[in-house]
Each structure stands twice: as structure tokens, then as C-alpha cells.
Amino acid sequence: MLGKLLKHDFMQTGRSIFWLMAGGAAVGGLVTIISSTKDIGAGQFAAAMLLNALLIFVALAIPVLSLVFILVSTNRSLFTEQGYLAFSLPVSSEKLLLSRFLTNVIWILLNYLVSVGLFAVMMTNLRRMFKNAGESLLASMEGAGDLQAQLGDAFYFPSFSAVLQFGGLLLATLLMFLILAMMTAIFVITLSHVRPFQQMAGLWMIVFLVASSVLFFFSVKWISQALPWPFILTIFATGDMLGGQNESVTVNMTTALVMLGLSGGLFAVTDWLFKRKISLK
Amino acid sequence: MNESTRSAISIQNLTKSYGSHVVLENISLEIPRGQIVGLMGPNGSGKTSLMKILTGMINDYSGQALIDGEPIGARTKAAVAYLPDKNFLPGWMTAKQAINYFADFYKNFDKAKAFEMLGAFWLEPGMKVKTMSKGMQEKLLLLLVMCRAAKLYVLDEPLGGVDPSARQFIMDTILGNRPEGSTILLSTHMVYDMERVFDIALMIGRKQVLVNDRVASLSARGKTLNQLFQEVFPYVG
């Protein structure tokens with residue numbers, strides 16, 4: 001039954017979120033084609049630069065919009081009239097919850113990957129544009145040389161395997177944040193539909209989301225100060241992306257266990273709410 | 001209790017309140033299997049709440065509710081077909097997708113019969129729920145519910161707001177597709193004409209079960225269902 005739930009939840013959520021991803025990928029492809037043109041003038045170069053800058057906004061908008069879509073979809077499928085369909089299915093509350101959670105995490109992760117991909121596309125486009133532009137064009141544009149040097153620094157990687165290791169660590173960190181964030185979001189949505197919050201569920205949802213974010217921020221800050229090692233994102237804290245990597249992996253494993261424990265706790269509480277406190281309007 | 005003597009619905013000391021407003025207070029009742037039960041009462045009397053409790057849409061209540069001897073959960077949901085008083089299908093779903101959805105989750109769902117009924121109801125398989133009229137949506141929901149070979153059908157106001165010919169069509173669909181031995185709990189305000197359909201009259205109001213009696217025994221006492229309803233709820237209509 002979990003497989004069937006996943007299939008239907010994935011299809012239902014994907015109806016809107018897939019097009020967000022596809023739209024982002026299409027914009028990335030279009031800008032790349034435009035940026036690949038050789039022998040361009042100053043005006044075309046500036047236009048291509050602007051389009052690539054717009055890619056940053058698209059890349060930032062995709063994770064935010066996908067999160068909004070996911071939250072709306074979760075709320076709609078469980079606690080509006082469609083909740084009558086979900087809660088009358090002959091499945092346990094754990095499976096109902098797990099399916100929704102996994103679906104959300106997978107879709108968000110896919111959208112984040114598209115977003116990261118768009119950043120990479122933008123960097124590659126800019127490097128290619130500077131290469132294609134030629135010395136005379138760059139010399140005629142104020143600040144272009146400095147920008148080219150900065151891009152070169154930002155796009156430097158020591159080796160392919162190091163990049164893969166860094167990428168893996170980043171993905172693992174992102175995933176564990178995502179698991180906790182998604183479980184918190186589902187818990188908050190469920191709690192806002194439980195009495196006495198049900199009458200103004202939308203307002204309570206926002207209040208709980210803000211409260212949980214603040215609580216999370218201060219908890220991390222407190223734990224970071226209390227522990228003898230940095231608690232999160234040590235890969236960025238080292239100053240050198242790959243320096244002290246072994247230590248970072250160990251510390252991140254500790255962080256992962258704490259975060260997975262918190263996520264498990266939230267799952268159990270949400271499941272209890274599903275079993276004991278549901279009152280569909 | 002053995003399988004053959006178990007009640008279809010068994011409720012013990014059930015209380016449901018919304019904040020400080022108590023809707024059902026310490027009610028107990030037994031509904032035998034294979035009966036058509038008319039659930040009647042004025043608006044706000046707790047009919048829909050009782051149905052939601054039996055189908056697992058509400059679980060913040062006190063007391064005990066059993067379906068076929070089992071507490072409400074995944075197993076009872078497999079045996080209960082529920083028609084709420086609102087459209088629960090997403091607007092993007094087509095009639096065909098809705099049928100496939102039900103066929104995926106309910107082992108007792110007859111997919112072939114559903115497609116057959118779709119034609120009989122003049123509904124297009126590719127038509128989206130959001131493009132259907134209210135009447136078409138109601139037909140589709142009724143079809144989805146009645147194509148399940150359920151032990152208990154919980155039907156919330158299936159006759160509400162429809163004209164007399166549609167009412168006849170709905171009742172024919174319900175009675176014509178109901179498996180032998182199944183129980184139907186049907187809430188309605190249409191007390192007229194239902195005497196011939198109901199086996200048991202269940203009237204709730206003032207937080208209590210006010211009547212839980214066989215319609216045949218009412219007739220034997222020379223009373224119609226409508227007369228009884230007027231007696232129990234003199235302030236209604």
C-alpha cells in the first residue's frame with residue numbers, strides 16, 4: 001500500500017512542481033544558447049550578462065516556490081475536502097504520513113538540484129562568454145576584467161574527486177536539513193488543523209512555522225556554543241572548502257544523528273495527532 | 001461474540017464536542033447487520049459528526065465506536081464505503097483517474113462495473129472533476145462508493161438538494177448496487193417516502209439518541225415515520 005500511496009502522492013504533487021522544474025531547466029537551456037553565440041558586440045554581451053544574472057533569481061525562486069507548492073499541496077490533500085479521500089483510505093496513519101513526507105522530500109530535493117544546476121550553468125555561461133568575447137571587447141567594457149578574474153577564482157576546484165567529495169558532503173548536509181525541515185512543516189500543518197487552532201488554521205500555520213524557525217535557529221546556536229566542535233556546516237566554516245574534511249564528516253555525522261532523532265520524534269508526534277486529534281471540517 | 005452475531009455498528013458511551021459545544025453526549029447504540037438505517041435529526045444534531053467518527057474523519061472523541069467488532073482504523077476503512085456531503089476529489093482528476101485510484105486502494109472495488117456505470121450515468125471517462133456540474137460530481141462520487149462491495153455504506157445526505165427524479169435515481173442506484181447482507185447508514189431530512197426504504201429509524205437530537213426503532217414496529221403501532229419525526233422534533237418544520 002505504501003507503494004501505491006507514493007505513486008499517487010508523487011503524481012498529485014508533481015502536477016504543479018514538475019512544471020516549475022521543467023520551466024527552470026528550459027530557461028537555463030535558453031540562456032545557455034544565447035550565451036554561446038560567438039563574435040558578439042558589446043550590446044549583445046551586456047544582454048547575455050543580464051540574462052545570466054536573471055538565472056540567479058530563477059535559481060533562487062525555484063526552491064522557494066517549490067517549498068510553497070509542497071506546503072500548499074500537503075495542506076490541501078490532507079486537511080481540506082480532499083482529506084476525506086486521504087483519511088478514508090484503508091492504510092495506517094504511519095503509511096499516510098510517510099508517503100506524504102517522502103514525496104515532499106524527493107520533490108524538494110529534485111528542485112534544489114535543478115536550482116544548483118542553474119547556478120552551475122550560469123557560471124559556465126559567463127566563463128564561456130568571456131572566452132568568446134575576445135580581448136578588445138573586454139578592454140572596452142569597464143570592470144569586465146575584474147569580474148572575469150573573480151569568476152576564475154570562484155570557479156576554481158582542486159580536482160574532480162575533491163569536487164565530488166565536497167558535492168557529496170553538501171548533498172548529505174542538505175538532505176538532513178531537508179528531512180528535519182519537511183517533518184517540521186508537516187507537523188506544523190497538522191497541528192494547525194487540530195483543535196483549538198482549527199478555526200484560524202492558516203494564521204496558526206504561519207505562527208507555528210515562524211516559531212519553529214526561531215526555535216531551530218536558537219537551538220543550533222546554543223548547541224554550537226555548548227559543544228566543543230562546530231555543530232553544522234563546518235565545511236563552510238573552515239575557510240578552505242576541502243580543508244579539515246575528515247573532521248567535518250565526523251561532525252556532520254553527529255549532526256545528522258541529532259537531526260534524524262528530532263525528525264523521528266516529530267514523526268511520532270504527528271502520527272499521534274493523525275490517530276487521536278483529527279477532526280476534518 | 002462470534003462473527004454472525006456481531007453488530008455492524010456498536011457505539012458505547014460516545015461523546016463528541018467542539019470546544020465547549022457538546023454535540024453527542026455519552027450515546028450508546030447497536031445497529032444489526034444487513035439493515036438500512038435512516039439517520040435523522042435537525043441540522044446540527046450530530047448526524048454528520050457521528051458519520052465522520054464511524055469513517056475515521058474525526059478521531060478526537062471519547063468512548064468507543066466499533067465497526068463489525070473492530071475499532072476504527074485501516075481494517076474498518078477497507079470495509080466501509082463513505083459518501084460525504086462534499087466533493088472530496090481533486091479538480092484535476094478525471095473520472096477515469098478517480099476510478100483507477102479507487103481500484104488501486106480498495107480490493108472490493110469493481111472497476112469493470114464502475115466503467116459500465118460511468119456510461120449509464122452519461123459521464124465521460126476523460127472529463128475532469130472541475131469541469132463537471134455539481135450533479136455530475138455527485139453521480140461520480142455515488143458511483144465510486146457503490147462500486148465497492150462494502151460491509152457498511154455510510155451515506156451523508158445523498159438526497160439533499162436534488163429534484164424528485166434525481167432522488168429516485170440515487171435511491172435506485174444505492175439499493176440496486178448494494179451487496180446482500182450489507183448495512184446502509186443513510187442520513188436525510190427527507191422523511192417522506194423513506195418509510196418503504198428504511199428498516200430502522202435512528203433519530204438523534206439534543207445530544208442524545210432519541211429513537212432507535214424498527215420502522216415495521218412503528219407501522220404496527222399505527223405511526224408513520226413522518227409523524228414520529230414531528231413528535232420527536234416538534235420545533236422542526
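**View 1. The surroundings of A:S115 in chain A**. Leaving out residues up to four places away in sequence, A:S115 touches A:A59, A:L60 and A:P63; contact means heavy atoms within 4.5 Å. This is a predicted model in which local features need pLDDT of at least 70 and side-chain atom pairs count only at pLDDT 80 or more, while totals for chains, interfaces and linings use all residues. Residues are numbered from 1 along each chain as its sequence is written, chains are lettered from A and ligands numbered from 1 in the order in which they are written, and side-chain values use heavy atoms, with hydrogens and water left out. A:S115 lies in helix α4 (residues 93-133) of chain A. Its relative accessible area is 5%, so A:S115 counts as buried (under 20%; exposed is over 50% and partly exposed is in between, with a 1.4 Å probe and protein chains only).

**View 2. The helices of chain A**. Chain A has 10 helices and 0 strands. Helices (H or I, at least four residues) and strands (E, at least two) are DSSP runs, numbered from the N terminus. Of its 281 residues, 41% are buried. Among contacts in chain A between residues at least 6 apart in sequence, 81% link residues at least 24 apart.

**View 3. The interface of chain B and chain A**. On the chain B side, 26 residues are in contact with 28 residues of chain A. About 2,600 Å² is buried between the two chains, and carbon and sulfur atoms give 60% of this. Buried area is the accessible area (1.4 Å probe) that two parts lose on being put together, summed over both. In chain B, the residues that lose the most area to chain A are B:M57, B:W92 and B:F105, together 26% of what that side buries.

**View 4. The salt bridge between A:K7 and B:D104**. The side chains of these two residues meet at 2.9 Å, N to O. A salt bridge is a side-chain nitrogen of Lys or Arg within 4 Å of a carboxyl oxygen of Asp or Glu. Across the interface of chain B and chain A, the rule finds 1 salt bridge. Helix α3 (95-105) of chain B is one of the elements that each supply at least two residues to the side touching chain A. The largest share of that side, 4 residues, comes from α3(B).
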